[in-house]
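Hi everyone, thanks for making the time. I'd like to walk you through a structure that may be new to you, so let's get it up on the screen.

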Amino acid sequence: MASRRIAQSSVNWAALAERVPPNQKANLAAFKTKSDKYLRSVVANPETAPKIDWAFYKKNVPVAGMVDKFQKAYEALQIPYPADNVTKLVEAQEKEVQQEIAKFVKDSEARIVDYQSQIGSLKALLPFDQMTMEDFKDSFPEQALDPINRPTFWPHTPEEQEPGAPNAEPHH
């Protein structure tokens, strides 16, 4: 496998910074600094190993066969590029997340329709500052005071009602 040279960072730091919450900006800055440091150390080294003048060493090294042995070992040296065994996992995870996002968007659109209908019904009501107690009872029968069918004690909150009364809520 031919080696791939990294010339510059493939991370869009500006787009990433937009998505990071304010309390995590320092962590992102530290991560970017580390990433830039690693990138600089990679770029500082040559892409290929330096060429060695084997003829010079053969002429100047007195031990017979030593330079030939080193040359053979040096030329046989192959440093493989690391195998990519994570991209498939990330792509699978991305597909899962995309499905979750699509489901969330679909559910959100259904909630939006429901909420818009609720807003429509609230807008159709008589404004609260113009509403009488009878209008309120007609619009919100479960919340309105009903002294005949559901008598309550002042201040008419569930905590102040007697246990077992028709309008009292059970105490936990």
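Let's start with one side chain: Phe 56 counts as partly exposed, because its relative accessibility is 41%. On this scale, buried means under 20% relative accessible area, exposed means over 50%, and partly exposed is in between, with a 1.4 Å probe and protein chains only.

Before going on, a word on the source: this is a predicted model, where local features need pLDDT of at least 70 and side-chain atom pairs count only at pLDDT 80 or more, while totals for chains, interfaces and linings use all residues. Residues are numbered from 1 along each chain as its sequence is written, and side-chain values use heavy atoms, leaving out hydrogens and water.

Back to Phe 56. A search of the whole structure gives 5 aromatic pairs, where rings of Phe, Tyr and Trp (its six-membered ring) pair if their centres lie within 6.5 Å; planes under 30 degrees apart are stacked, over 60 edge-to-face, and the rest tilted. Phe 56 pairs edge-to-face with Tyr 57, at 5.4 Å centre to centre and 80 degrees between the planes. Tyr 57 is partly exposed too, at 40%.

Which residues make up the nonpolar surface patch? Ile 52, Phe 56, Tyr 57 and Tyr 74 do, over about 350 Å². Such patches take residues with over 30% relative accessible area and no salt bridge, joining nonpolar side chains (Val, Leu, Ile, Met, Phe, Trp, Tyr) within 5 Å and like charges within 9 Å. Areas come from the Shrake-Rupley method with a 1.4 Å probe; for residues, only the protein chains shown count as cover. Tyr 74 sits in helix 4, residues 66-76.

Zooming out, the chain has 6 helices and 0 strands; these are DSSP runs numbered from the N terminus, with helices (H or I) of at least four residues and strands (E) of at least two. Buried residues are 9% of the 172 in the chain.

Now the charges. There are 4 salt bridges, each a side-chain nitrogen of Lys or Arg within 4 Å of a carboxyl oxygen of Asp or Glu. One of them joins Lys 58 and Asp 68 at 3.3 Å, linking helix 3 (residues 54-60) to helix 4 across 10 residues. Another brings Lys 32 to Asp 36, 2.7 Å from N to O. Those two are about one helical turn apart, because they are 4 residues apart in helix 2 (residues 25-44). Asp 36 is buried, at 18%, whereas Lys 32 is partly exposed, at 31%.
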